[in-house]
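Grab a pencil and work through these exercises on pockets, a cavity and a helix. Each task comes with a solution that goes step by step.

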Amino acid sequence: MTETTPFVRPDVALFLQFLNAVPGPKFWEVSADEARAITTAMRDVADAPVGELAVIRDIDIPGPAGTIPARIYDNRADRGPGPVMVFYHGGGFVIGSLYTYEPYCAEVARLLDLPVISIDYRLSPEYPFPAPAEDCEAATRWIASSPAELGLKVTGLITSGDSAGGNLTIVTSMALRDKPAAVPVLLQFPIYPVVTLDPDWPSMREFSNGYLLTEEAMTYFGQGHAAVPGDYRSEPLNFPQEGMPPSLVTTASLDPLRDQGLAYVEKLEQAGVHVQHISADGNIHGHINIRQAIPSVQADIEGYVKALKNMLAEVMPSV
């Protein structure tokens with residue numbers, strides 16, 4: 001059998017060359033606090049500026065174990081009733097924050113022209129599984145109820161997140177499918193999601209070293225999060241997907257998680273769910289946070305939002 005070299009975009013190749021040559025300890029070789037500091041510092045190096053936006057406002061959401069911080073992004077200062085996107089950041093349930101995902105959330109709020117509410121759920125290892133999922137479900141139910149503190153009249157939800165946040169997107173949508181919130185989940189938009197604890201995938205073997213998300217990083221995240229096998233919140237791929245909302249699922253061709261994301265698309269199709277899949281060919285895991293270092297990512301994000309708007313028009317013709 002002849003091995004073929006995978007396609008890598010030129011700007012992705014340059015970024016990987018830089019990333020793999022950076023001296024010093026990697027984030028999976030240090031404590032969670034130090035890893036978070038490294039990730040925070042990377043935002044200013046690798047991601048685009050936040051840019052102009054009419055509203056960037058912090059709120060506090062009541063959660064199962066205390067207050068859940070969140071941040072609202074909106075392209076309009078005055079907003080009538082309508083849907084909102086609830087965003088759950090990535091980072092292996094261990095790193096990631098409102099700050100590290102602010103450029104992406106602001107850009108989506110501009111492109112989609114809808115409010116985006118980013119959830120700062122509890123992180124592992126201090127708060128292991130299932131604390132992140134519990135916070136995201138609670139926060140989403142609270143948003144759906146249009147509380148006065150939110151300052152928005154919510155008519156429907158778009159759940160979204162990347163990587164670990166892609167997992168949180170799916171399991172929150174599952175929870176709200178089985179026990180509906182005050183308003184429906186109109187769409188779900190998981191981005192290169194984690195959907196299983198099974199590591200035996202061809203993409204995992206091919207891309208687990210040298211493509212940003214490494215085998216060592218995945219082990220670090222897995223040990224910190226301590227997900228329980230057999231629970232729908234750790235392995236949604238193994239649970240029924242019938243009745244899920246229309247879904248936009250994105251993967252990246254150089255991502256170790258690619259194949260499990262594709263398996264999730266197939267699971268949705270088999271369940272009769274309307275699903276659209278977009279592959280970021282020649283791109284890596286985590287790319288939505290690397291717009292400055294990988295300029296071609298801007299076109300990826302614009303493509304995702306265009307597809308999302310088209311899907312939203314199908315379920316809400318007036319939008």
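**Exercise 1.** Find which element gives the largest share of the lining of the second largest pocket.

*Solution.* Start with the share itself: α7 brings 6 residues, the largest contribution to that lining. Here helices are DSSP runs of H or I with at least four residues, numbered from the N terminus. A pocket is an open set of points on a 1 Å grid over the protein atoms alone, with protein on both sides within 12 Å along at least five of seven lines, and lining residues have an atom within 4 Å of a point. This is a predicted model, where local features need pLDDT of at least 70 and side-chain atom pairs count only at pLDDT 80 or more, while totals for chains, interfaces and linings use all residues. Residues are numbered from 1 along each chain as its sequence is written, and side-chain values use heavy atoms, with hydrogens and water left out.

Next, the space: the second largest pocket holds about 570 Å³, a volume being the space filled by probe spheres set on grid points joined across faces, edges and corners. Of its 26 lining residues, Val194, Thr196, Leu197, Met218 and Gly222 sit closest to the centre. Two or more lining residues come from α5 (164-178) and also from α7.

**Exercise 2.** Describe the largest pocket by its space and its lining.

*Solution.* First, the space comes to about 830 Å³. Then look at the 36 lining residues: closest to the centre are Leu19, Phe27, Thr39, Met42 and Leu212. Now the helices: α1 (10-21), α2 (32-46) and α7 (215-225) each give at least two residues, and α2 has the largest share, with 5.

**Exercise 3.** Which residues line the largest cavity?

*Solution.* A cavity is a set of points where a 1.4 Å probe fits but cannot get out. The count is 1 cavity of 30 Å³ or more, and the largest cavity has about 30 Å³ of space. Its lining is Phe93, Phe129, Pro132, Ala133, Asn167, Leu168, His225 and Arg233. Both α4 (131-144) and α5 supply at least two of the lining residues.

**Exercise 4.** Explain why α5 counts as largely enclosed.

*Solution.* Check its span: α5 has 15 residues and reaches 21 Å from first C-alpha to last, close to the 21 Å expected (1.5 Å times one less than the number of residues). Then check burial, meaning under 20% relative accessible area with a 1.4 Å probe and protein chains only. Because 13 of the 15 residues of α5 are buried, the helix is largely enclosed by the rest of the structure.

Technical notes: Buried < 20%, exposed > 50% of the residue type's maximum accessible area, 1.4 Å probe, protein only.
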